[in-house]
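Subject: Structure for your files

Hello,

Here is the structure I said I would pass on. My notes on it follow below.

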Amino acid sequence: MDTNAKFMIGRMYFSIFGLVVLGIGAAEILLGVTGRNLEWGIMEMSGEFLLWRGLILFFAGAFYLSSIENFSDIHQQAKIVMASMMIWIIAGMQIFSMILESIPGGEEGGWLNTFEGFLATYSAPYIPSLFLLPFSLVVLYYIKLLKEVEEKRLKEESLRTEVKA
Amino acid sequence: MRLTVDERWDLIDKIANQTVKYGVYRHTLKDAIAELTVKPLTGIPFAIAVLYGFWSFFCAFAGFFTDGFLVKLFDNHWLPWLQEVFPGKGGWVYYILVGDPMADNCFEAFGMLTSGLFVAIGVVLPAIVAFYLFLIILEDSGYLPRLAVLVDTVLHKIGLHGFAVVPMILSLGCNVPAVAATRTLETRKQRFMMATLLAIFIPCGAQLGIMLEVIPGYVGFVMIYLLAGFFVLGFILNKLIPGKSPEILLDVPPYQMPTARNVMRKLWVRVRSFFTVAIPFVLLGVVIVNIMYLTGFLDWLADVFEPILCGWFGVPKETVGPLIAAFLRKDLAVAQLSAIEMSTYQLVTSVILVSLYFPCVATFAMLIKEGREGGWKGVAQYLFGSLATLIVVVFLWGGLVHLIWIILGVA
């Protein structure tokens, strides 16, 4: 598959993904403002920083959507990377706090958690960013692709310079 | 061999032609991200995400050590052991060093070796390590100067500059390192302004955590109200205080991966200074509060301020106790407020008062320490200046919230 086709697929992928992220962000903002919670299967939209998480996801979605035009441009790609990093921050911190929560034994327990308590910390429901995390990793492929394109271009440029010389 | 000027330039040209490669500079992905993070439209949403990460990291890290291990260590082992072995139970030395002999946790004991050590080691130290660790990563990665550039315009309106964002962020975790971080500001005027503003208007992480439990639906309002106060008072102080607020020229470095060695070295230097400088002040502060308790000075204060609290601020007289406790621990004071019978609006007002009211003992001690650079005169200026500002702000900003409730018809 040629590079243009790969960028075309990326453009379609991130426009759909951007819409999903934007939608979830808007829903979290709405729930945060009205002070409500939502649990849907193994996903939940609740917690102290719901409004902030919603805002971040909303902006991340907007970043994805605004970079569809002229998708292969480096500034547009940078916006996609930034949007993905915003999702990684939320999801990463959620995973980090789950790991730290799972270790101590709790107020009445011993120094360390029991095995059941340890496993229970990782059980569902999860916040939406954890579901969005694997889909946002696609950006890593496009970073690699962009690097390859850039290297190819530099090689061609240096060849042209050598021929001229 | 001696060369003439022309020959030297010829030689330079020859070397340059052989070693320098000319071409058109093209942006890399890193450059593009670096540009986007200082543009308001893309930079502000990204800054919100980074600050969310900062805050989440702080809560998880500090909570892991404090709630997970240190509370247990201090309450279940250190306090009972000290209560058992310390001689002279009931005497004034015992009260100052160990505190209440009936206390079953270090939160309420109020002794220098119990509450004092617990506050310093059990609460503030994990908070400081968490904040410095994240801050150093932001600093070394090159993001912090960009954040400073982003907020520079806004902070210039109140006589500060972009780097004032560092103590502001730190303050959301703990006011103690935040007051120390005001040293990065250039002039004494800026340092005094920043220390005063954050001691009054920015609640620490522990207080915020309790606020989220006590008034979950109103924390947003309280924060906006306090932030508005921060900028209003900042604007006024900038006009009133003599001194310079110079412009700064920031060198914004390219993004780079922080190295573990550098991060650990910087972290050690900063945490070491906390051990040697801040902890003695915190312990001294606890001793002073205990002496005030023992001499009945705090009770006298409570009696004096009771009519003002009930009349001007519209909160029940029982809030006097938590307000006094706020001098030692503001989070404890907010928790105590939740046990008092009052309306939601009175509770919100009380929480705002606890935030605006006197800085906690550790911050107070740091204010004294920061003022020392100007000798005793400097300490007096720093302390009395801050206190005078604080008294005016508590009355006006605290009274204003009561007025808002009256206008809304809920008070």
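The crossing of H1(A) and H2(A) is left-handed, meaning that the near helix is turned anticlockwise from the far one by less than a right angle (clockwise would be right-handed). Helices (H or I, at least four residues) and strands (E, at least two) are DSSP runs, numbered from the N terminus.

This is a predicted model, in which local features need pLDDT of at least 70 and side-chain atom pairs count only at pLDDT 80 or more, while totals for chains, interfaces and linings use all residues. Residues are numbered from 1 along each chain as its sequence is written, and chains are lettered from A and ligands numbered from 1 in the order in which they are written.

Helix pair in chain A

H1 (residues 3-34) and H2 of chain A pack at about 155°, and their axes are 7 Å apart. Axes are lines fitted to C-alpha atoms, for helices over the stretch in contact, and angles run from 0 to 180 degrees between N-to-C directions. H1(A) and H2(A) are therefore roughly antiparallel, a term for angles over 145 degrees. Their contact holds 19 nonpolar, six polar and two charged residues. Nonpolar covers Ala, Val, Leu, Ile, Met, Phe, Trp, Tyr, Cys and Pro; charged covers Asp, Glu, Lys and Arg; the others, Gly among them, are polar.

Where the chains touch

Chain A gives 26 residues to the contact and chain B gives 21, with two residues in contact if their C-beta atoms, placed from the backbone, lie within 7 Å. On the chain A side, H2 (50-66), H3 (74-102) and H6 (138-164) each give two or more residues. H3(A) has the largest share, 14 residues. By class, that side has 20 nonpolar, four polar and two charged residues.

Chain B

Chain B has 19 helices and zero strands, and its C-alpha trace spans about 90 × 55 × 40 Å along its principal axes. Of its 411 residues, 44% are buried, that is, 20 or more other C-beta atoms lie within 10 Å of the residue's own, with C-beta atoms placed from the backbone.

H11(B) (residues 205-214) is largely enclosed by the rest of the structure, because seven of its 10 residues are buried. Among them are B:Leu208, B:Ile210 and B:Met211.

H3 (residues 40-85) and H6 (residues 112-141) of chain B pack at about 160°, with axes 9 Å apart, and are therefore roughly antiparallel. Their crossing is right-handed. Residues that meet include B:Phe54 and B:Phe57 in H3(B), and B:Phe131 and B:Phe134 in H6(B). The contact has 19 nonpolar, three polar and no charged residues.

Regards

Terms used. Angles under 35 degrees count as roughly parallel, over 145 as roughly antiparallel, 65 to 115 as roughly perpendicular and the rest as oblique. A residue is buried if 20 or more other C-beta atoms lie within 10 Å of its own, exposed if 12 or fewer, and partly exposed in between; C-beta atoms are placed from the backbone.
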